Amino acid sequence: MKYDCVIIGAGLSGLAAGIRLARAGKKVCICERHAIIGGMNSYYMREGLLLETGLHAMTNFAPQSAPGSHPLPHLLHELDISYEELAPRPQKFSLISFPGVSLHFDNNFSTFKADIAKHFPRQKDGFDKLTEVLKNYKDIRIQHKFHSARKVISHFINDPLLEDMILCPLMFYGSTTEDDMDFTQFTVMFKAIYEQGLFRPAQGIKGLLDLLRNKFTSNGGELRLSTNIIKMETAECAVTGVHTATGEFIEAKSVLSSAGAPETSEMCRGAFKSEPGSLAFIEVLVIPRSEPDFSAMPTVTFFCRDRGFGYSAPQRPADLTSGVICFPDNFVFSEDDYIPPRMVRTTVLANPHHWFKLPFAEYQQAKSEITNKIINVTEEVTGLNELTSTAAMIDCFTPKTIERFTGRINRALFGSPEMGRTGQTSIKNLYLCGTDQGFLGITGSLFSGISIAELNLL
Ligand SMILES: Cc1cc2nc3c(=O)[nH]c(=O)nc-3n(C[C@H](O)[C@H](O)[C@H](O)COP(=O)(O)OP(=O)(O)OC[C@H]3O[C@@H](n4cnc5c(N)ncnc54)[C@H](O)[C@@H]3O)c2cc1C
């Protein structure tokens with residue numbers, strides 16, 4: 001049984017690539033080492049509740065009337081999913097909260113523009129000019145060199161506080177670079193978050209994953225769960241197939257890996273060089289028993305509690321000076337939607353090395369301590385001051401949890417800072433998609449799977 005393509009990983013990028021290839025008539029098989037699909041964006045059951053591992057919000061909201069050239073309708077078209085099937089539910093509003101000043105944004109760009117004009121009147125013209133430059137910038141470039149976003153922004157905006165405030169959400173949702181961003185990535189994320197906005201699929205991440213799985217298998221794709229690929233077979237600089245942990249050899253004309261660049265290189269005895277990323281995160285979620293009511297809270301708050309915003313791997317176990325707080329049930333839902341349990345999720349930057357070197361008992365203790373500290377920060381930023389005492393359930397994902405789920409070296413959420421946008425490797429029929437190809441987040445990884453499949457395999 002020889003496949004046109006074996007895809008490693010049934011995360012969002014692997015599933016999207018699988019759908020694109022299967023729809024084009026290719027004989028394709030996705031191998032996923034877990035018993036469940038979704039990778040970083042999956043779900044689990046705890047105390048009878050269905051909980052999502054990684055969904056604050058999706059980016060690139062579009063109303064149903066948006067033209068087909070808009071990123072979301074374009075993506076849905078490629079995946080053969082209708083707007084009604086996804087049913088995007090918009091955010092209420094989000095906040096960028098820094099000491100002494102907060103900016104609001106929602107899915108109408110004029111809200112953000114008006115708030116910038118109100119709080120930073122001298123920067124209004126510069127912000128308008130920056131927006132104009134971004135509008136005309138061709139952001140999807142396969143070949144390009146890193147270009148500092150901070151440098152470009154400072155041509156238009158000369159207040160460092162506003163520069164940091166604009167960058168904070170874009171970095172947390174889509175930068176592998178410490179304290180700066182690649183300008184192309186900045187443009188992509190600016191449009192995706194500020195101009196288009198945030199949403200949730202009406203049926204949550206499970207609903208989205210069910211749709212993707214059905215589109216893949218109904219187009220003839222084969223999905224093998226609990227199939228861990230441990231090694232690739234190569235001959236004359238080409239892959240001939242993959243070996244599973246149970247000793248099976250699966251023959252393939254080409255292999256597309258979403259497991260990460262360094263992780264994939266390890267599967268073929270270090271055939272190409274790739275540095276693992278350094279940015280890792282800790283996330284704490286609190287589900288209250290009944291009170292307090294979250295419905296008036298912003299959908300997402302991007303906060304900084306310090307003068308000067310830093311986005312880098314901390315020396316300490318976690319960086320509590322900035323982060324993201326999300327209320328996943330605060331979207332504009334309709335009657336038959338899956339509305340997640342009322343909860344607050346807080347994400348901060350973490351030092352992965354600290355978490356990995358701890359022996360089990362100390363790890364448990366450190367996890368419980370950091371959970372309490374993150375809850376205290378959440379209370380301080382949101383003004384909700386009884387989160388611990390009213391909690392029915394508290395959960396915490398450390399870099400160790402993320403590695404267990406995804407196998408990512410260094411537990412880097414957004415993968416390697418050296419992005420190979422073409423997805424090509426030094427092995428001629430081995431390609432990479434997903435996080436290490438450079439399109440980040442849920443929408444980005446779906447686009448990554450489609451574009452790498454189209455560029456290299458069709
Ligand atoms: C806690 C958390 C919160 C997040 N929140 C958001 C959010 O709100 N919005 C947003 O846009 N993004 C969010 N993200 C980021 C988003 O989830 C990722 O960018 C995206 O899911 C990456 O998809 P991927 O396909 O590139 O990689 P992955 O999801 O890592 O998929 C790779 C898959 O490959 C499998 N695999 C790895 N090695 C092997 C092997 N050897 N054999 C077989 N299978 C293998 C893994 O098990 C995994 O299923 C969040 C991530 C996390 C962890």
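1. Start with Arg-150 and Glu-163. In this predicted model, the two form a salt bridge, with their closest N and O atoms 2.7 Å apart. Arg-150 sits in helix H6 (residues 149-156) and Glu-163 in helix H7, so the pair ties together parts that are 13 residues apart in sequence. Both Arg-150 and Glu-163 are buried.

2. Helix H7 also matters for the next point. The largest nonpolar core has 47 residues. Phe-112, Phe-186, Phe-190 and Tyr-194 have the most contacts inside this core. Helix H7 (residues 160-174) gives the most to the core, namely nine residues.

3. Look at Phe-112 in detail. Setting aside neighbours within four places in sequence, Phe-112 is in contact with Ile-96, Leu-103, His-104, Phe-105, Phe-127 and Tyr-194. Tyr-194 is itself among the residues with the most contacts in the core. In soluble globular proteins, nonpolar side chains tend to be buried together.

4. There is a second, separate core. This one has 45 residues, including Met-58, Leu-75, Leu-86 and Leu-457.

5. Back to charges. The structure holds 17 salt bridges. One of them joins the side chains of Asp-4 and Lys-253, at 3.0 Å from N to O. The pair links distant parts of the chain. Asp-4 belongs to strand S1 (residues 2-8), Lys-253 to strand S12 (residues 249-257), and the two are 249 residues apart.

6. Arg-20 and Glu-78 make another pair. Their side chains meet in a salt bridge of 3.2 Å, N to O. Arg-20 lies in helix H1 (residues 12-23) and Glu-78 in helix H2 (residues 71-79), so the bridge ties together parts 58 residues apart in sequence. Are these two residues buried or exposed? Arg-20 is buried, and Glu-78 is buried too. A network of salt bridges links Arg-20, Glu-78 and Glu-454.

7. Finally, Asn-60. This residue lies in the loop between strand S4 (49-52) and H2. Asn-60 has a relative accessible area of 9%, so it counts as buried, the cut-off being under 20%. A polar contact of 2.7 Å joins its side chain to that of Thr-59. Which residues does Asn-60 touch, not counting those up to four places away in sequence? They are His-70, Pro-71, Leu-72, Ala-192, Gln-196, Gly-197, Phe-199 and Thr-443.

Technical notes:
Residues numbered from 1 in each chain as written. Predicted model: local features only at pLDDT ≥ 70, side-chain atom pairs only at ≥ 80, totals over all residues. Heavy atoms only, no water. Core = buried A, V, L, I, M, F, W, Y, C linked by side-chain atoms within 4.5 Å. Buried < 20%, exposed > 50% of the residue type's maximum accessible area, 1.4 Å probe, protein only. Helix = DSSP H or I, 4+ residues; strand = E, 2+ residues; numbered from the N terminus. Contact = heavy atoms within 4.5 Å. Salt bridge = Lys/Arg side-chain N within 4 Å of Asp/Glu carboxyl O. Polar contact = N/O pair within 3.5 Å; in protein donor to acceptor, adjacent residues only side chain to side chain.
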